[in-house]
Amino acid sequence: MKIHEYQAKELFRNAGVAVPRGIPAFSVKEAVEAAGTLAGQGVQAFVVKAQIHAGGRGKGGGVKIAKTRADVEPLAQKIFGMNLVTHQTGPEGKIVKRLFIEEATPPKREMYLSLILDRDRGCVSLLAAAEGGMEIEELAHSNPEKILTLPIDPTTGWQSYHSRKLTSFLGLSLDPKAAGNLAGQLHAFMDKLYAMFVAKDCSILEINPLAIVGEGDAQKIMALDGKINFDDNALKRHPDVAAMLDPDEEDAAELEAAKWDLNFISLYGNIGCMVNGAGLAMATMDIIKHYGGDPANFLDVGGGATAEKVREAFKIITKDKKVKAIFVNIFGGIMKCDTIAEGVISATKEVGLKVPLVVRLEGTNVAKGREMLEKSGLAIIPATSMADGAQKAVKAMKEGL
Amino acid sequence: MSVLLNKDSRIIVQGITGKTGLFHAMGCRDYGSKVVGGVTPGRGGQTVEGFAVWDSVEESVEKENANVSMIFVPPFGAADAILEAIDAGIELIVCITEGIPVLDMLKVKEFLAKTNVRRKAAGQTIQRLIGPNCPGIITPGQAKVGIMPGYIHKVGSVGIVSRSGTLTYEAVHQTSELGMGQSTCIGIGGDPVKGMEFIDCLELFNNDPGTESIVMIGEIGGTAEEEAAAWVKKNCKKPVVGFIAGRTAPPGRRMGHAGAIISGGSGTADSKMDAMKAAGIRVAPSPAEMGSTLQALLKERSGRA
C-alpha cells in the first residue's frame, strides 16, 4: 500500500524524524486556514503541494512557492482540482483532491536517501547519494559508484557505525563540535527512521531530497519529501497505516475485490479470467495471449474459496464493460469443482450471461462439477484442458454469443 | 527414491486444532503420511481426531521423535512457529501459511542460517524450511506434507519444483496423464523471502538416484530463476524442462504472490526464459505443454543414447 507525502511526514514527525511544519488541506478554504495556522507559528513563506501518489509533481505544476500568506489562496485555487499530468500518471493525469501546505525551507544542500526491503540480501538496506533530486534508478545505471548501499543486519538493527559511514559518504564532518553537529543530527535521524521502518512494516521508504537547511549552528537535517510503501501482509497489525488508504488512488474494482479477499488486477484486454492460484492465474493470462487473445484481468480466487466468493468474483468480472468473453480455469485441489460450479451457476442466474462463458474444471470432484454445469441449462462452453479452454475463449470472444 | 520426505518421516502439525490445520492433518494421514500428532500451545494432553496434541514442538520431538513439521499457524504467529520448530531441531519444516510479513521472515531466515552454520560445524545435517505461502511437498506413494490433491500424483521419476501451487498441480497432472510419475514435488512458495530456493531443490534432485528428469516452474519477479539456470548449466546432469508464468503481467503490479512483481525492468518472464534456454533447459511454449515438452525431450535423449 502507498500513502501520500503528508501522511509519510506525519509518520516521520511522530517518530521524531525532522520534517518542515505542514498541514494537509482538503479544500481551498482549508488551505487558507492552514496557512493562517502556520503563520501563527511564525512561518512567513509557504509551499503549496498537490498530494497524489505519482512522482514528478513539481515538473507537472503541482508544487508552487507562496512568498507570502496572501499568495497561498490563488495558488491553492490553481492546484486544487487540477488534472495533474506527470511521467508517472500516464497521459490521462490525476485530479488533485488533497493539498499539503508547508513552511518553505530552501535547502542549502540536497541529498538522497532510501530504505528498502532487500530481498536478495535478506535484510533492510540503505541507499544514499550525495546529490538529491535525480531518479535513483538512472543514477544506479549511469554512476553506480555514486550510490552507497548499506545492508543492515536484522538482528543488530541500525548502529552508530552505520551513521558514521553514511556521514562520511555524504562528505559531512564527523566532529560533534562542527557547525550544527550534522553528524549527531544525522545519526538521530537515521536511528529513528530505521526504527520506524521496522515498527510500521514498510517495504520502501524514500526521502528525495534529504536536505540541509539554515546556516552555521542553526543548520538542520530534514526530510523535504517522503514516499512510503508498506508490506500488504502486515497491514492488519497497523490499523493507523491501513486507515491512510486513499480510495481515489485505487482502482474501484480492485477495492471491491479486496473486500472479498480476492486477488484482482484490471488489465486492458477483453477476456475476463477467473482462476484459483496466483501462478495458474498468470499462466492463464499467458495462454490466452499465446492463442491470440488479451486478458481483461488477473483474478485469483484463492485456495479456499466458497461459492459466495466465486459469485462475487464473477460479478466483478461481468461488471467490466470491455469483457467480451469469460474463461474460468480451475484446478481444484482443496477447492472442490462442485463449489466452483455452484458459485458460477448462482452468479449467472443473478447477473445474467451476456457474454460467452468457457469453463475448464479439473481436480477434486470434477465429475460432479461438470455435471452440475451441464444440468444447469446455462449456455456454458465446457473445455477439457487449459489449452482447449483458452482457444475456445479466444474464438468465443471473436464470435460473441 | 525421493528427496527430503519418505514413508518413515515422522510428521507433526503446528496449529493442528485450527480448522484448516486439522483438515490437512487428516488429508495427509489419509494419503499414508505418518502424522504422529500436533502442537497447539495450551491444548497439550488433548486428542483431536485421533491425533495427540502437545504444548510445544520440543515435547513432540521428545515423545515421538518428530522430524518434520507442517505449519498452519495464522500469519502473525507463523514466524514464531517456524522459529520454535528450528529451535526444537526439526529437520524439515513446511510452512503453508500465506501472508507472513516480510520483516518477520527476514528474522527467520537469519536464525535458520545461523543455526545451520552451528550444525554444520558440529557435523549434523542442516535443517530445511519449505515456504511459506506454499502447497508443501509430496513423495508420491510414500508421504505428503501439504495441501495438494494427492490423487493426481503417480509414483515415478520426475522431480518437480515450483513457486506456484496450482500450476504445480497442472504439471503433475500433465506428467501423470502421459504416464510419467513423480519422484518428489516441492512447492517452494510465492513469497520473496523464503526457505528453500530453486537451487537447493535442484541440487537434491540432481543427487537423487530416483529422479531422472526435472520440471522447474518459475514466475516473474526476483532473480532466483536466472541463478538456478546458471547453476543447471554448470552442475546439472539431468534433463530439465522449465516454464515461467507471467509473460503478460504488467510491470509494477503484484500478481497475487508477494514475490511476483516486475520492478525496475528486472524479473521479467522473457529474461528468465532466455536464461533457461541459454542454460540448456527446454522451455515449454505454453503452460499446457509442460508434460509434452518433457516427454519430447526424454524421447530425443533416449534416441541419442
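A residue is taken as buried if 20 or more other C-beta atoms lie within 10 Å of its own. By this criterion, all four residues of strand β6 (residues 92-95) of chain B are buried in the predicted model. Leu92(B) and Val94(B) point to one side of the strand, whereas Ile93(B) and Cys95(B) point the other way.

Strand β6(B) belongs to an open sheet of seven strands with mixed pairing, in the order β3-β4-β2-β1-β5-β6-β7 of chain B. The edges of this sheet are formed by β3 (47-48) and β7 of chain B; each has a single partner strand, so one side of each is left without a neighbour in the sheet. Helix α1 (residues 19-31) of chain B packs on the sheet, where it touches β1 (11-14), β2 (35-39), β3 and β4 (51-54) of chain B. The direction of α1(B) makes about 170° with that of β2(B).

Within the sheet, β6(B) is parallel to strand β5 (residues 68-71) of chain B, to which it is joined by four bridges. Val68(B) has Leu92(B) as its bridge partner in β6(B), and Ile71(B) is partnered by Cys95(B). On the other pairing, three bridges join β6(B) to strand β7 (residues 128-130) of chain B, and these two strands also run parallel. Here Ile93(B) stands opposite Leu129(B) of β7(B).

Strand β5(B), helix α3 (residues 75-87) of chain B and β6(B) form a right-handed β-α-β unit. A right-handed β-α-β unit is likewise made by β6(B), helix α4 (residues 102-121) of chain B and β7(B). Helix α3(B) lies across β1, β5, β6 and β7 of chain B and runs at about 170° to β6(B).

The contact between the two chains takes 43 residues from chain B and 43 residues from chain A. On the side of chain B that touches chain A, α3, α4 and α5 (165-177) of chain B each supply at least two residues. By class, this side of chain B comprises 22 nonpolar, 13 polar and eight charged residues.

Helix α9 (residues 278-290) of chain A packs against α5(B) at an angle of about 70°, and the axes are 4 Å apart. Since angles of 65 to 115 degrees count as roughly perpendicular, α9(A) and α5(B) are therefore roughly perpendicular to each other. The contact involves Gly279(A), Leu280(A) and Ala283(A) of α9(A), together with Gly165(B), Thr166(B), Leu167(B) and Glu170(B) of α5(B). Three of these residues are nonpolar, three are polar and one is charged.

Gly189(B) counts as buried because 29 C-beta neighbours lie inside 10 Å. Apart from residues up to four places away in sequence, Gly189(B) touches Gly131(B), Pro132(B), Asn133(B), Cys134(B), Arg163(B) and Lys194(B). The C-alpha atom of Gly189(B) is separated by 9.1 Å from that of Glu98(B), although the two residues are 91 residues apart along the chain.

Notes:
Residues are numbered from 1 along each chain as its sequence is written. Chains are lettered from A and ligands numbered from 1 in the order in which they are written. This is a predicted model: local features need pLDDT of at least 70, side-chain atom pairs count only at pLDDT 80 or more; totals for chains, interfaces and linings use all residues. A residue is buried if 20 or more other C-beta atoms lie within 10 Å of its own, exposed if 12 or fewer, and partly exposed in between; C-beta atoms are placed from the backbone. Two strands pair if DSSP finds at least two bridges between them. A crossover is right-handed if, with the strands pointing away from the viewer, the path from the first strand over the helix to the second runs clockwise. Two residues are in contact if their C-beta atoms, placed from the backbone, lie within 7 Å. Ala, Val, Leu, Ile, Met, Phe, Trp, Tyr, Cys and Pro count as nonpolar, Asp, Glu, Lys and Arg as charged, and the others, Gly among them, as polar. Axes are lines fitted to C-alpha atoms, for helices over the stretch in contact, and angles run from 0 to 180 degrees between N-to-C directions. Angles under 35 degrees count as roughly parallel, over 145 as roughly antiparallel, 65 to 115 as roughly perpendicular and the rest as oblique.
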